Amino acid sequence: MNTCKEVLFVLIPEYADWEFALLAPGLRRGFGIWEPKYEVRTVAADEGPVMSIGGVRCLPDYTFQTLPNDYAALVLVGGMNWWGDQAQQVVPLVQQALMRQIVIGAICDASAFLGANGFLNDVDHTSNGLAYLQNRAGSAYSGAERYRNVPSVRDGNLVTANGTGFLDFTCNMLAALNAAQEKEIEVMKAAFTSGMFPEV
């Protein structure tokens, strides 16, 4: 596990609020189940507010130019604009994180963005359906044999998920970061699956 305690969430305009709604508090507060080990920070193209699909405005902690050199994970939050100029500025951030073996998470269209930039060809992964991924990623994507039709996939330090797989994505990211023990993650998952607080 990286010794640094910051996890960076990359936000593009019209980001999907729900896709990191469990992961961020799981890292920062542990749901009262485990001792938190990480701080959550947001990153965007500039210092201005970024609006989500649900209309929530977030003022980022860092820009693509000012993010720290040392951090524990880079999380690409899905949304509606992973195909524009801002998204292309994220490519070198992903390259640097991969080179340094930093944990990377990508959910929904952010996973397709990884495919479109050649990052999924040699790892097990998922996205919003194989046909969708192939259509979005185009000729840069040649990893169909490594595609898994499940909500979320972890392959080493890379975690991908489809847009409704945020619970499994959260569990895989928590495991990749050693943020909680396996039993603790299972308790959290069961609670959010059943809608019932666990008995204590």
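Contact here means heavy atoms within 4.5 Å. The model is a predicted one, and a handy place to start is helix H4 (residues 109-116), which is mostly covered, with 7 of its 8 residues buried. Those buried residues are Asp109, Ala110, Ser111, Ala112, Phe113, Leu114 and Gly115. Their cover includes S6, helix H2 (85-88), helix H3 (91-99), S7, helix H5 (130-137) and S9. After H4 comes Gly118, which has a positive phi, near 80 degrees.

Next, the nonpolar cores. The largest has 35 residues, and the ones touching the most other members are Val7, Phe9, Leu27, Met173 and Leu177. At least two residues each come from strand S1 (6-10), helix H1 (23-28), strand S2 (39-44), strand S6 (73-76), strand S7 (103-107), strand S9 (158-161), H6 and H7. H6 is the top contributor to this core, giving 6 residues. A separate core of 33 residues sits apart from it, and Val43, Val91, Ile104 and Ala137 are among its members. As for Phe9, once neighbours within four places in sequence are set aside, its contacts are Phe20, Leu23, Ala24, Leu27, Val40, Arg41, Thr42, Val43, Val75 and Val77.

That leaves the pairing of H6 with H7. Helix H6 (residues 166-176) packs against helix H7 (residues 182-194) at an angle of about 170 degrees, the axes lying 10 Å apart. Angles over 145 degrees count as roughly antiparallel, so H6 is roughly antiparallel to H7. On the H6 side, Leu167, Asp168, Thr170, Cys171, Leu174 and Ala175 meet Ile185, Met188, Lys189, Phe192 and Thr193 of H7. Sorted by class, this contact has 7 nonpolar, 2 polar and 2 charged residues.

Definitions and conventions: Residues are numbered from 1 along each chain as its sequence is written. This is a predicted model: local features need pLDDT of at least 70, side-chain atom pairs count only at pLDDT 80 or more; totals for chains, interfaces and linings use all residues. Side-chain values use heavy atoms; hydrogens and water are left out. Axes are lines fitted to C-alpha atoms, for helices over the stretch in contact, and angles run from 0 to 180 degrees between N-to-C directions. Helices (H or I, at least four residues) and strands (E, at least two) are DSSP runs, numbered from the N terminus. Angles under 35 degrees count as roughly parallel, over 145 as roughly antiparallel, 65 to 115 as roughly perpendicular and the rest as oblique. Ala, Val, Leu, Ile, Met, Phe, Trp, Tyr, Cys and Pro count as nonpolar, Asp, Glu, Lys and Arg as charged, and the others, Gly among them, as polar. A nonpolar core is a set of buried Ala, Val, Leu, Ile, Met, Phe, Trp, Tyr and Cys residues joined through side-chain atoms within 4.5 Å. Buried means under 20% relative accessible area, exposed over 50%, partly exposed in between (1.4 Å probe, protein chains only).
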